[in-house]
Amino acid sequence: MTDLPIAAAEEAVAATATHGNRRTAPFIPLPLTAARATTLAGAVITIASTFMSWTYTTDFPGDLTVSGYPGGLQIMTLIGAILTGVVALGTFGLTGLRWLTPSRTNNGVLLLALATLGTTWYTVIDIAAKLGGLANLDPGGFVAFIGALVLFAGALALPLDRHPEEPADAEYYELGRAEGISAVVRGYAWLREARLHHSELRVPDARKLNRWLQRLVIVVVYALGLKILTFGLATDYSDIFIGYLIVLAVGVWGLSAGGLLKQFQQLTQHNKKFSSTVGVLTAIAYPFAQNNELWANLGASVLIVGTVALGLNIVVGLTGLLDLGYVAFLGVGAYTAALVSGSPFSIWSGTQFPFWAAALAGMGAACVFGVLIGAPTLRLRGDYLAIVTLGFGEIFRIIVRNLDGVSGPKVTNGPNGIAQIPDLSIFGYNLGDTHSVGSFTLGRFANYYLLMLVITIIVVLVFTRAADSRIGRSWIAIREDETAATAMGINGFRVKLVAFALGASLAGLAGTVFAHVTNSVVPDPYVFSGSVPPNSAFLLAAVVLGGMGTVSGPILGAALLYVIPQKLSFLSQYELFAFGIALILIMRFRPEGIIPNRRRQLEFHEDETPAPGNRPMGDDTVPATTAGA
Amino acid sequence: MTTTIPQQPTPADAAAGGTLLQARGVIMRFGGLTAVRNVDLTVNSGEIVGLIGPNGAGKTTFFNCLTGLYVPTEGTVSYRGTVLPPKPHLVTKAGIARTFQNIRLFANMTVLENVLVGRHTRTREGLFSAIVRGPGFHKAERASRERAMELLAFTGLADKAEHLARNLPYGEQRKLEIARALASEPGLLLLDEPTAGMNPQETRATEELVFAIRDQGIAVLVIEHDMRFIFNLCDRVAVLVQGEKLVEGTSEVVQNDERVIAAYLGEPFEGAPADEDGTPAATADDASTTSEQENDR
């Protein structure tokens, strides 16, 4: 990528230095050379420190006592520092590394330095806190502490691209002073003043690269992504996982600040079919990349909740109907599949449907249930609908609890649920058995992961195709302005009912696999909110966190919300609390979700696009206008 | 266009073209308030009819009764001889499209998508064909897009097709609303204050656009406060004051009517509806406020 035209980007940087109230200035006034030298020195010190011993005892997770090579959390610091150093060298103009920051901004360096600082200081403080005092730190720990600080200070002295927000009302500051919280107010004002801004910087067009090179880049990035994912899952201790999360989250933010992510999006957009194929292959490779049933189980569960969240996204994200009882449809699918699975606890214990028939039955039952709930409730709008769906969700669970032969007819076996659901067998391939494929072994959960992957792909296809069509547009129109939509000839009730039924069917489909993966169905998980993932609040949080109206958003959101509590065992008691905090932070700082909708992107990047069809996009949403033919 | 009515420039010819819209004795009450009182209105094909009146006269409420957003308390609205059902989407399907006084675009959709939504009633493909994506689906989508682009070219928005509607300047948002309404292939277009907030040049451009729409054989019923605009444009003008139709006639007739001048300038005189039944002016204002709240809900 070194042969990309940099002149354009340099021009862009020069232009932004004067444009509006955007400007390029350091936080710490230092001569440029001094700032660069400090940054590099910090990187070198930090890298060197990871080869030293940080603590005396092996009590701290990951064994940081060894000199000579890095281990445990030191690896995180090492990766962060190397990345910062290399990217910094690129922005300083070292040929061969310039491609790392296509937009030539130093903001990426600062964010990467922040990632390094975060994980290093976290480690050092964690050592001191866990083992009882700074005495437990070896000199290496102090060197790391200082090195990361020097690195961060150097990055703060680099010229950074900023775009201060308009200052708030003078009255507001007056109020702050009067209330005696002026320090807080001033701090907030400083933050607004300091705001980094790089999303509008221009990036050289990655589509000018050789076609094969583009594809190679896509393959490498996906493979790297899989490697990073399995590395994270393989971390043994929550301490190491936290360090990993810091480096990953802030690091990706830093790389995207430089424009790498934007370029990658251009590439995937340009090679759409190829990149989605590679994406699917990467997902298939996941159970082969590690040989651990626990992770395969994690993968299968993430796909189930992700798929259900994607179904919910049709209702919430596209049509704008807040459904708080959505998990009931997953339950309908799961119970239907359990009843026809041949389980001895089912009232029809003799009947055992083949999987395709069970899946269709689950979908059909959920669809009918969706229409039954939707028909009376969809006449309501907004909050009223939310409350009524919440009620219906609970009604489902309570009915299922009571259909035990005592309080009602015997159908679902009450609170005991339907246990001993046999494993699926598709074309003679029993998903419960361990199979060997070449030198790899696929365990029970790996089999279900692969089955679930097929279903996820189907749901993704249904979602994208439905969204980019007449019906999808009418959903979005209803979400935007229902009155105007009906005045444009849309039968609001019918269109909403279709969305509701489709969302329900997709959840039902996922539910059929869910029943078999967990071996049993019980009424308790299908609540509005609880600590075990498939509940309505969880699914809604996944959609909002990931990005409403997008395809990968809800899946990513579900993955994060599912995996992080699993890896951070100490969080278990505070899971809902952490959910709440995460949602508040997302709403404040990134209301469009982690993966922004294409429409959001348009909003921010419209002026860059003089001609249609020439748009840089993070378009994984709804390929609404281009994919007609 | 479904309606292929030849160009009919003069009102006399237009009358010969047949009745398009006929509202008979429309009454709209909100609780104790009567916002629209026994209004009759006829629009013939190829005509541009103006509806004017002071603020709170019930013009928008009357529009909402015509388009099915409100169910009139009494009276009927018929289009091409058939009584319209009081459902907005069925009214649009029958061939009446409208714009809104306060612009109601689908703000987070692109300009092209907004117009495509307007095509909803004239296309068929449902969920199943969208998922299967057979040749019929692609053909229908392509046809819709072509038609939408034609309309955008007609209103002068073709080069902004990929922009978000919310990011258009005000005047172009108004134009887009008209393009979206035209996409449903109406025989009658209802414009609710199409030039509100526009400068004289933009108003002039809108005037030309309305003439061009009429030349395509679409009748237009327009609410407006800009008198010059109305009198330049309309073949016939109806004046609504406090829910009642005061006068109806050509521009000259309305312009020279004493009662109209009085209604606008507030000069008291004998025979004005407000004096007749003693309804205070505020009542009609309230009614209109209510109607707008209903509208926003």
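Predicted model: local features only at pLDDT ≥ 70, side-chain atom pairs only at ≥ 80, totals over all residues.

Me: Which residues make the nonpolar surface patch of about 370 Å²?
Reply: A:Leu248 is one of its members.

Me: Thanks! Now for the two chains: how much area is buried between chain B and chain A?
Reply: The contact involves 41 residues of chain B and 38 residues of chain A. Carbon and sulfur atoms give 57% of the buried area. The area buried between the two chains is about 3,800 Å².

Me: Which residues of chain B lose the most area to chain A?
Reply: Three residues stand out here, together giving 17% of what the chain B side buries. They are B:His120, B:Leu127 and B:Glu162.

Me: What is the distance between the closest N and O atoms in the salt bridge of A:Asp468 with B:Arg133?
Reply: Across the interface of chain B and chain A, the rule finds 4 salt bridges. A:Asp468 and B:Arg133 form a salt bridge. Their closest N and O atoms are 4.0 Å apart.

Me: How many residue pairs are in polar contact between chain B and chain A?
Reply: The side of chain B that touches chain A has 16 nonpolar, 12 polar and 13 charged residues. Counting pairs with both residues at pLDDT 80 or more, the number in polar contact between the chains is 13.

Terms used: Residues numbered from 1 in each chain as written. Chains lettered and ligands numbered in written order. Heavy atoms only, no water. Contact = heavy atoms within 4.5 Å. Buried area = accessible area lost by both parts, 1.4 Å probe. Salt bridge = Lys/Arg side-chain N within 4 Å of Asp/Glu carboxyl O. Polar contact = N/O pair within 3.5 Å; in protein donor to acceptor, adjacent residues only side chain to side chain. Nonpolar A, V, L, I, M, F, W, Y, C, P; charged D, E, K, R; others polar. Patch = residues over 30% accessible without salt bridge, like charges linked within 9 Å, V, L, I, M, F, W, Y side chains within 5 Å. Areas by Shrake-Rupley, 256 points an atom, 1.4 Å probe, with all protein chains shown as cover.
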